[in-house]
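This briefing concerns one protein structure. Please keep the sequence and the three-dimensional view at hand while reading.

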Amino acid sequence: MGDSISSLPDEILGKLLSLVPTKVAASTSVLSKRWRNLLSLVDSLSFDESMVVYPNEEEATKGSQRFCDFVDKTLALLHNSPAIKTFSLYRVAKTMSYNDECARLNRWIWTAMEQGLLELHLYAPASRSTVNIEPRVLRSNTLVKLTISGHYDIDVDSDGESLDVFFPALKSLSLMVALDIESYPRIIHACPVLEELTIRNGDFSDMGPLWGGTVVEHASIKRLVIATHVPDHIDYYLLLEYFENACQTVRFQAPSLVYLDYSSFVFRKYDVGDLDSLVEARLSLKLWRSTSHYDYDDDYYYDYNGSLCDDDDPSPPIFGDVTCLVAAIRNITTLHLSPDSLEVFHFCCKSMPIFNNLLNLSIESNNQNGWQVMPLLLKSCPNLQTLVFKGLVHKVTNRCGDACACNPQNPSLKNSKKMKKKKKICCLQTCPVKVLEISDYGGCFQEVEQMRHFLGNLKCLETVKVGVVPDNKGKNAEFLRANLMNLPKLSSKCTIQLL
């Protein structure tokens, strides 16, 4: 086998070596004379310090020259090689002073970029490895894909008017770094043909509040992924800083956008231009506080024990308004919603648009969030063909309407004369769904009753696919199958498949 591989043309061997970490590719030079000079044909360099095995814990903590020496020697060997198209650097430890360390890493990056680099990926997960990126490496006429993640600082002029960044050929940009909020739009505008943009904040808990996805204005972006998470277990004052950032208005102006993946706590307001080209949206929106006070009615305020409060006790306001955001995605054909997004749609969307083009709706569910918005949402999708649920268990409230088989119990309602009974509007019997897909099905009472409710009301159903949780496969699967098959079905064309 070894002789067969060695007999391949140099160009093929160079491509094979480009698929493995550079450390592994470099080690092949000792195999035989045939492999000695093949490293110069490698078009992808990947330096990952996390793969370095240090002799002791002290060197692993403080950093070692071993990794740096290897990178220096490899780049010196390939300095005049025109083959390098991709350069990846995963830096963990710092071995020199801050200025010297920054100079060294910038020199590595610049050496790779001088050869007409197409892709550049930079990672610095540890705070002790923070690197200040020099302006000269932020300009390239050839780069088409750029990733900057972790503890990197990008130089911005103090006057805030000019940023020495220009990537005229860049089509894919991923930013997961701590920048001030004004820097993000200037970097984005420096990429005139950008098609894919990813901004992730909160992946590094020691970097503080980051809100890079609040302003995105670009004519050519087709794919946009924004995740602005609040880290778990942060102190009260840092949480307040996050909340203060959320009091601003989010602006999206991307007329060419085809795919949107947006994950964030709700902001005060959204200013979103028409997204007529948008085909698919994935939303994971989250409220800033619990809505358990409203489990039984939106018009009345309950304490944590479920008791109705006095008229003089005002209901706590629900922060955020996503009405403009939801209206802007009305022309999509595929929509994915997280469990929290359902409650955000219910509490923070003043009016629901009609999704005339929506064919596929995917809902993720858990026992912490309710389905209050489901009746209105389903009625707003007149041409829906496929309805997907990841889990059927959800928090029981009295606002799910005919979308579910919930039977809410609230003792305080028996003695309350303030509650007004509202006539439920059936939403399932007018729903045109033909395909119903369920995953993470466990067969508990609530799930069985929900399936009974779906099968007994969705008159257009043709196919039902049920994915069983792994723990219930085997003998339990036959029991679940029998239960499902015996449920009455309104549609005579309906077939059930247990996956």
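Predicted model: local features only at pLDDT ≥ 70, side-chain atom pairs only at ≥ 80, totals over all residues.

Residues are numbered from 1 along each chain as its sequence is written, and side-chain values use heavy atoms, with hydrogens and water left out.

- Ser338 lies in the loop between strand 15 (334–337) and helix 10 (339–348); helices (H or I, at least four residues) and strands (E, at least two) are DSSP runs numbered from the N terminus.
- Ser338 counts as buried because its relative accessibility is 8%, where buried means under 20% relative accessible area with a 1.4 Å probe, protein chains only.
- Beyond its neighbours within four places in sequence, Ser338 is in contact (heavy atoms within 4.5 Å) with Leu283, Ser284, Leu285 and Glu364.
- Ser284 is 54 residues from Ser338 in sequence, yet their C-alpha atoms are 5.0 Å apart in space.

**Helix 5 and helix 6**

- The axes (lines fitted to C-alpha atoms over the stretch in contact, with angles from 0 to 180 degrees between N-to-C directions) of helix 5 (residues 65–77) and helix 6 (residues 98–113) come within 11 Å and cross at roughly 30°.
- Helix 5 is therefore roughly parallel to helix 6, a term for angles under 35 degrees.
- Gln65, Phe67, Cys68, Val71, Asp72 and Leu75 in helix 5 meet Arg104, Arg107, Trp108 and Thr111 in helix 6.

Note on methods: Buried < 20%, exposed > 50% of the residue type's maximum accessible area, 1.4 Å probe, protein only. Parallel < 35°, antiparallel > 145°, perpendicular 65-115°, else oblique.
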